[in-house]
Amino acid sequence: MPHFFILLLLSYILGNGYIYYRSWELLSLLPAGMRWILSIVYICGACSIFCLFLGKNMVMPAAIAHGWYEIGTGWLAFTLYMVALLALADLLHLCHVRIPHRFALSLFFTSILLSYGYYRYTHPDVNVLPLRIGKPVEGKKQIRVALVSDVHLGNGTTKSRLKRYTDLINEQHPDLILLAGDLIDNDITPVEANKMGEELSRWQAPLGIYMVPGNHEYFSGIRKCRRFVQEETPFVWLQDSTVSLPNGIQVVGRDDRANGKRLTLPQMMTKTDASLPIILLDHQPYHLEDAEDGGVDLQVSGHTHHGQIWPLSLLTDHLFEVSHGYKLKGKSHFYVSSGLSLWGPPFRIGTRSELVILDIQFN
């Protein structure tokens, strides 16, 4: 793993060096003073991601922290697409296909692509999926479940954005809300400092709100995150634990695989009644066959973000049996959400942010 991060770091540095070298096609046409100013701006942008990690624990105004976060992480996507377009232009040039103003055109198309990606990220879809589980429940035979995943509260997903998410969730009038991990991004400090619990307390569902931790709760400090959720929100924290709802539905909340000592799924299933509906929350969608073999009726997960931006979506499609969307295996239903928000670069290119609504019919 350290070798991977070293390779990633070198790729980022070399990529930005390549972009800057190619930028002289445009910079050479400008006065010396303007060249200096734009060069300094570019270097600051390229270095902002390092400053972001170095200043992780710094307390600063929310607007400044948010802007710094979006520039620093957004520069990663900018680098990816600029390098790809410039390399394509250079390859065509080697094949004797002349493209005038290569840098300017690459910059223009990258800007258009990132603008589109930012819009897709900030305007999540509401994806409604009807399901049938052939087991009995008390009372209403159909319930509406809101599946929320990967909100990543912090300097990226701010309180103002959380307010829009809260309004969107409540507009769907869910009977039950399931939060499949990664509520917190990388640090609980900005979440508490900006009193985000006030917005989370507005989430409404008569059957309750249940969440499991994700890997980012572990990155942020699992004990601090659990304390925040239990003290500042109406959410029920499930961590290798099971609850039975008044209508008989059993919600099994599995700890994240970041905890190497979490219970196995067979151990978790000993606490359930196979004759009643079983819904499993497991943040990372690995080994779906275990849920199928264990008699789980519905597993909901997140974590993958569906790669967030192309071509990383191709990688998640390769790594996971289901990297996004719905699948039926035997009698077990699976849904992997691409996430209501995201981590890092604030763009959705070839993927979507989504709130998932499951309209489930029972016997």
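Author: Ala, Val, Leu, Ile, Met, Phe, Trp, Tyr, Cys and Pro count as nonpolar, Asp, Glu, Lys and Arg as charged, and the others, Gly among them, as polar. The model is predicted, with local features needing pLDDT of at least 70 and side-chain atom pairs pLDDT 80 or more, while totals for chains, interfaces and linings use all residues. Residues are numbered from 1 along each chain as its sequence is written, and side-chain values use heavy atoms, without hydrogens and water.

Reader: How do the residues lining the second largest pocket divide into nonpolar, polar and charged?
Author: A pocket is an open set of 1 Å grid points, over the protein atoms alone, where a 1.4 Å probe fits, with protein on both sides within 12 Å along at least five of seven lines, and lining residues have an atom within 4 Å of a point. Here 13 residues form the lining, with Ser23, Leu38, Tyr42, Phe103 and Leu107 nearest the centre. They divide into 11 nonpolar, two polar and no charged.

Reader: Which residues line the largest cavity?
Author: In a cavity the probe fits but cannot get out. The lining divides into five nonpolar, two polar and one charged. Its residues are Tyr69, Glu70, Tyr121, Gly156, Leu342, Trp343, Gly344 and Pro346.
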